[in-house]
Each structure stands twice: as structure tokens, then as C-alpha cells.
Amino acid sequence: MSAGISLLKRTAVEANTIFQRLDGRVKFLYFIWATVLVYIFYDPYLTLAFLIVTLAMAAYAKVFKPIAMTLLIIIVPWIILGVLILALPFGFPWNKTVIGYINVLGYRLPVYLEGLGWGITWPLRISVAISSALFFYLTTNQAKLVATLFKMKVPFKAIYMIIATFQFIPLLFDEANTIIQAQISRGLKTDVGVLQRIKNYLAVVIPLTISALNKVQTRAITLESRGFSAPVKKTFLYEARLTAADWAFLGIMAAVTVFLAWVYVTIGYSPVAHLQWIWA
Amino acid sequence: MAETKEIEMKEISPTGKAIIAVVLIPTIAALNYVGGVIVEALKAPIWGDTWGTMLGTLIGGFWVGAAGGFLYNIIMAFTMWGLPNWVWGFANVAVALITWFLMKMNLTDLKSLKTWAAVIGLFGFVYPAFTTAISIGVFGGGPLWKPIPAAVYAAVLKSTGNFYLANYLQNVSTEIIDKPISYAIAVIIASRIPKRFILAK
């Protein structure tokens, strides 16, 4: 099973920590706030600090493992490839400052600061975005997620679509697994050439799609019979409300924002690493 | 009596296309996702996470395909890929738009050379220009972490020193195979779907 499906099969972790109790809107705001800030600055150290804080909160909320696994799969290979291609003399056009030399297969190659900074900072920015998003997703259960989205004025039909997608993915995945096993038992060979693999793909996705579409009709009837389109005010299992802990968390974010605004104005966009701004 | 019965049937039937679209859109998003996972399981040589968008467009029209594709990207951005990746939702909208255009131009006959020329031209060369703009503007335009595109990127950068061209050709190298195959898969599935599910005119 891929890391992706195991992640999306996972629902929120029901631990009784301050982060699970925080309002979904606050965690969502943290996700947006952290992502925007690491894009405003161009500094791998500052970005790393955001990542460490987010991972520490995730560890406390008992959701560290799935987040760390995702970062290992997506970010680490990206940094390795990015640094190898951009920091070495492979033509990255902004490379100017040599910070050292490495020996590769007997060749002495210069390592450039500009490519190194670029190859590390961009994947780290994405890793902050991923970890803060997963932190929100894995510490907010679906009932709270619905209430949060409703409070954020997301239209009711859009909320249904988002929640339904989360529910459909594991259902469709289980069905795809059953179809793959059924096709293998009927003689489908998986150790074959490229063209045959595409044909194998069709042998799985055609029955999967038709089965999924059959369920569309049934779900539509169910929704209608439960008054989904009825022009009445909807009620929720959980009512989203801000508590003292939420306000405290928001206060810390506000204080950090003020501090970082001061840093940006007085020191600049790369306060620790002192990288030159490169814009493609 | 028969007339009364017919009226009652109309009251409980979910005939409204709007409600079917509401259920179809998350199904399309989930199919995009599960399609990508099946690719991994069967080791097929494509990404496999856009044929759902194309299929949604072929059976539900442009808006159903675009919304399903966009929703897939939003879900992935908010869970696995990270917030900035939500902008790839626009790439899925572009995929739906190209599919809709091909459908309107009757370019769905996979035996026709004209269809393949249009599909390869639009998905293989025009669409990567759009994805290149996103990958440079939002992600810094580095190499992809898959070995073949990364090799193309490094080779073009080394030989020309042109950062933009390296990014564009890297994207061409991934899309020129994936998208036409995904389109063919979507057309084949759409042709086998019972007519009652086809909402698109």
C-alpha cells in the first residue's frame, strides 16, 4: 500500500491534547500563515525553524509519524536531486559564489551557494506547507472539519464534495484491490511489457469506474431523500467555537508575525543565511 | 391512477443534474486519486491521476471535469502535497478545457491520426507551457524528483544554460506520454459507460 493511500485512509487521531482541542479554523489559519511566511522570506534556516516547530507540535499531538513519512518520501529525494543538479556546475544560470569543492568520480567540482540555497530552500518551503496542512488534517476530525468549513462560509454543497471525496477514496481503493485480485485470479499477468501494463490498467479501471458511477445514482437518491437540496437551515453535530486556548495560539501567531515583520524590515528577506534574491 | 403514480415517482427521483453532478464531482476526484495508486500497483508507465478529470469532462461536461480535477488537487494540497500545490488545480482545469475542446471538435476517434496529432500537440506541447509557468512561478522550477525528467532537465540546462527551456522540456518529457495515454484511457472508458450516465451533450 502506498504512503498516500495509507495516509488518506487515516482519519484524525483522537488524542486528548491541546492541539486536538484547538478550533479547526485556528489550525487552518496556522497552515496558511506558516506557508505564506516561508514564501515571503528566502532563508533555509528560518524555514527549517518553522518545520521544526510544526513537527514538534505534531509529535505532541501524536501525528508525527505520518507527517515525517510523507516528508521522507516527497521532500528528501527532491532536495538530493535539486542540490546535485543546481549546486554543481550543471548550468544553473545564477551560480556565482563558490563555497567549496567536492570530488565526483575523480573530477573536482565546485559547489555554488546560489544553487545550494535554491535547491534546499524551495523543498523546505513545500515541507512546511505539507507538514502544517497534515497537522490540520490529522488533528481535526470530520465532524469538526464540516463545522469549520461551514463557519468559514464554504458553500454547503462544496463541503459535501470535500468530505465525500475523503470517504470515497478508501472505498474505491478497497474496490480496486478486489478488482485487481479478481483479474489476477482470472489470469491477469503483472510481470509484462509496457503496452500490456496499460491494458492491465484498463482491465482494472473500467469495472472500477462503472461500479463507482452506479453508486453515484444511489447516492443521489439517498441525498435527495434526506433533504440535501431542501431550502432549510442545516444543523451540525459539532458547533465550532473559539476558546481561550484558541485565542492564546492566535496571540502567539500575531506576536511572531510582528517580530518577523521587524526582522524583514531591518535585516531583510534572508536574515540568517544572507542569500541573494533569485527570481526566475 | 397511473397518472398519480407517475407524479409520485417524479417527486422522489433524483433527476436533477445538479444533484448528480454534486455526487459525480467527488467520485471524479476520488477516481483521479485511486487511478494514481493503481498505476503504482501495476507499474504502468504513466502518472494516471488526470484521466478521471478527462473522463468527468467526457461524461459530465467541462464544469464537472474541471471541478472534479480541481477538488482532487485541493484535497491533495491540503493533505499530502502542501498548500502551494493547490495551484496545480488550474492545470487540471486546463486538462478539462483541452478535453472539452477535443470532445467538441469530435476528436475522440482513437483510430484517427488527426485525433492523435491534436492530442499530442495540445497535451504534449501546449499544456506543458502552462505547467512550466506554474512550476517556475510557485515552485522555483527545479528538477522533478523522477529520474528521467530530472535527467532531461540537467542535460538541457548543461547544454543550453537556458533555465526556462530546461523546465519546459522537462515537463514535455513527462506530459507527452502521460496525457495522451490518459486521454485514450478516458475515451475508452467513456465509450463503455452506459448512456444513462452521460450528462454531457
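1. The largest nonpolar core of this predicted model has 126 residues, and Phe50(A), Ile67(A), Tyr201(A), Ile38(B), Leu55(B), Ile185(B) and Ile189(B) touch the most other members. A nonpolar core here is a set of buried Ala, Val, Leu, Ile, Met, Phe, Trp, Tyr and Cys residues joined through side-chain atoms within 4.5 Å. Buried stands for under 20% relative accessible area, exposed for over 50%, and partly exposed for what is in between (1.4 Å probe, protein chains only). Helix α2 (residues 17–42) of chain B gives this core its largest share, 17 residues; helices (H or I, at least four residues) and strands (E, at least two) are DSSP runs, numbered from the N terminus. Domain 1 (3–140) and domain 2 (150–225) of chain A both contribute residues, so the core lies between them.

2. Residues are numbered from 1 along each chain as its sequence is written, chains are lettered from A and ligands numbered from 1 in the order in which they are written, and side-chain values use heavy atoms, with hydrogens and water left out. As the model is predicted, local features need pLDDT of at least 70 and side-chain atom pairs count only at pLDDT 80 or more, while totals for chains, interfaces and linings use all residues.

3. Which residues does Tyr201(A) contact, leaving aside its neighbours within four places in sequence? They are Gly35(B), Gly36(B), Ile38(B), Val39(B), Leu42(B), Ile46(B), Gly48(B), Trp51(B) and Ile185(B), where contact means heavy atoms within 4.5 Å.

4. The C-alpha centres of domain 1 and domain 2 of chain A are 31 Å apart. The bounds come from an automatic or database domain assignment.

5. On the interface, 72 residues of chain A and 68 residues of chain B take part in the contact. About 6,100 Å² is buried between the two chains, and carbon and sulfur atoms give 82% of that; buried area is the accessible area (1.4 Å probe) that two parts lose on being put together, summed over both. On the chain A side, Met161(A), Tyr201(A) and Leu213(A) lose the most area to chain B, together 11% of what that side buries. Between chain A and chain B the salt-bridge count is zero.

6. Over all chains the count comes to four salt bridges, each being a side-chain nitrogen of Lys or Arg within 4 Å of a carboxyl oxygen of Asp or Glu. One of them joins Glu175(A) and Lys215(A), with the closest N and O atoms 2.5 Å apart. This pair links distant parts of the chain, 40 residues apart: Glu175(A) is in helix α8 (residues 156–185) and Lys215(A) in helix α9 (residues 194–225) of chain A. Glu175(A) is buried at 18% relative accessibility, whereas Lys215(A) is partly exposed at 38%.

7. Another pair in chain A is Arg25(A) with Asp23(A), at 3.0 Å from N to O. Here the arginine, Arg25(A), is partly exposed at 23% and Asp23(A) is buried at 2%. In chain B, Asp178(B) and Lys179(B) meet at 2.9 Å, N to O. Asp178(B) is buried at 1%, and Lys179(B) is buried at 4%. Salt bridges with shared partners join Glu175(B), Asp178(B) and Lys179(B) into one network.

8. Gln183(A), in helix α8 of chain A, has 15% relative accessibility; beyond its neighbours within four places in sequence, Gln183(A) contacts Leu188(A), Ala203(A) and Pro207(A). Thr115(B), in helix α6 (residues 113–139) of chain B, has 2% and touches Leu107(B), Thr108(B), Asp109(B) and Tyr183(B), not counting residues up to four places away.

9. His274(A) has a positive phi of about 55 degrees although it is not a glycine; His274(A) is in the segment after α10 (244–266) of chain A and is exposed at 54%. Asn106(B) has a positive phi near 60 degrees, lies in the loop between α5 (88–104) and α6 of chain B, and is exposed at 63%.

10. Finally, confidence: chain A has a mean pLDDT of 84, and 95% of its residues reach 70 or more. The pLDDT is the predictor's confidence in each residue, from 0 to 100. Over residues 1–5 of chain A the pLDDT is below 50, although this stretch has twelve contacts in the model beyond near neighbours in sequence. Where pLDDT is low, the predicted coordinates should not be read in detail.
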